[in-house]
Amino acid sequence: MANVSVIIPIYNCKDYLEKCIDSVLNQSYQDFELILVDDGSTDGSESICDVYSKKDNRIRTLHKENGGGAGEARNQGVLIASSPFLVFLDSDDYLEEHHLEKLLEAQREEDYDVVVSGYIEYVEGEDEKFHQYVHYPSLKLNNRTQVRDFFVEHYPEGLLGFPWNKLYKTEIIRRNQLVFPKMRRLEDGIFNVEYFGECENCRIVEDTRYYYKNSEQVELRKLPYDFYDIMEVFVEQFYKTLESWGYEKEVYEKSMVDYFQNDFVCCLENISQPIWKKTKKERLEYMKELRQKSLVCYMSERPCLSGNYTKIVWRVFCEQKFRGVFFLTAIKRFLKTKCKKVFYNLKKGLN
């Protein structure tokens, strides 16, 4: 039996998949099994999985019908995993060669229930690549209260909302019957709320050995039409869980308000895109509907502590100047897709 299972959910990603798989095979730590969960790919990714499975008996490929998103694909991988530890890897990302080794070394220090690493975010263009190093200082959280306090302080932004920069214990997931919910976005965050709630200790490592590809999804492809509804489920689950942990709302709410306002602006960017196949009148009507939502009204009464761009768009929306939202988001979309260097310089200045 291998010591760690690496699970990759895969759907139509043939341009990146081989680099992703090779980064696992080239790890300095070799006692792993690699589980490729093909979620009904049609672009040739499914064939790449089969080729690799025939080359290396540590690789297992599971083909499933498309549906349920990356979360359901991860669930299927967990079901067949045979190792005491789990690592999730997205199919358009890749690992530095010592990633698994460093995670497992950290876990063994005090038999930690979860290990969290930093990551490197990169955006590839024709001529240039932009990097952002994201990490916390090295830290040991040695009891449940410390773990939960840290989680409350930093979730959902930062490193705690993702599944792919962590080493999990398979036994904790199975004993508590934890699964990624069937949501097309934000299922990772709900899974981590439940998992961290079961942890007695946690190790934060400062290393940034996971390479995360920023897909620029808001600028290049639409989010689900029901993205706001998904956000509501996510926020309500967070409030419910943190209340059950015994925390007062004023303690944990700040980070969630900040998250909501930022992702709500992403929602507005999505609505404003030409690819969102609604007429302009329908989009304006939908924005009006959103402005009347009870959660939006509640969040509009909280101070906005985000960057200047988010503050401006959020304020314009709350004042119901919806055409102004179209204008501001169009400028951002143009700069980020056509003038990347200018965009990132402006982003540094504004934030």
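**Checking the labels on a predicted model**

Me: Why is Cys267 called buried?
Reply: In this predicted model, Cys267 has a relative accessible area of 3%. Buried means under 20%, so Cys267 qualifies.

Me: What makes Cys20 buried?
Reply: The relative accessibility of Cys20 is 0%. That value is under the 20% limit, so Cys20 counts as buried.

Me: How do you know how many disulfides there are?
Reply: The whole structure was searched, and the search finds zero disulfides. A disulfide is a covalent bond between the sulfur atoms of two cysteines. To count here, the two sulfur atoms must lie within 2.5 Å.

Me: How many aromatic pairs does the structure hold, and what makes Phe88 and Tyr168 one of them?
Reply: The structure holds 34 aromatic pairs. The ring centres of Phe88 and Tyr168 are 5.6 Å apart, and the limit is 6.5 Å, so the two rings pair.

Me: Is that pair stacked, tilted or edge-to-face, and what decides?
Reply: The angle between the planes decides; for Phe88 and Tyr168 it is 65°. Over 60 degrees counts as edge-to-face, so the pair gets that label.

Me: Where in the chain do the two partners lie?
Reply: Phe88 is in strand E4 (residues 85-88) and Tyr168 in strand E9 (residues 166-169). They are 80 residues apart, and the pair links distant parts of the chain. Both Phe88 and Tyr168 are buried.

Me: What makes Lys55 a charge over the ring of Tyr52?
Reply: Lys55 lies over the face of Tyr52, at 5.3 Å from the ring centre. The distance limit is 6 Å, so Lys55 passes on distance. The charged end of Lys278 is likewise placed over the ring of Tyr225, 5.3 Å from its centre.

Me: How do you know whether helices H13 and H14 are roughly parallel or antiparallel?
Reply: Helix H13 (residues 308-318) packs against helix H14 (residues 322-338) at an angle of about 155°. Angles over 145 count as roughly antiparallel, so that is the label for H13 and H14. Their axes are 8 Å apart, and H13 passes H14 in a left-handed crossing.

Me: Why is Gln320 called partly exposed?
Reply: Its relative accessible area is 44%. The label covers values between 20% and 50%, so Gln320 is partly exposed.

Me: Where is Asp111, and what is its phi?
Reply: Asp111 lies in the loop between helix H4 (99-110) and strand E6 (114-124). Its phi is about 50°, positive although Asp111 is not a glycine. At 43% relative accessible area, Asp111 falls between 20% and 50% and is therefore partly exposed.

Terms used
Residues numbered from 1 in each chain as written. Predicted model: local features only at pLDDT ≥ 70, side-chain atom pairs only at ≥ 80, totals over all residues. Heavy atoms only, no water. Buried < 20%, exposed > 50% of the residue type's maximum accessible area, 1.4 Å probe, protein only. Phe/Tyr/Trp six-rings, centres within 6.5 Å; stacked < 30°, edge-to-face > 60°. Helix = DSSP H or I, 4+ residues; strand = E, 2+ residues; numbered from the N terminus. Lys NZ or Arg CZ within 6 Å of the ring centre and 35° of its normal. Axes fitted to C-alpha atoms, helices over the stretch in contact; angles between N-to-C directions. Parallel < 35°, antiparallel > 145°, perpendicular 65-115°, else oblique. Left-handed = near helix turned anticlockwise from the far one by under 90°.
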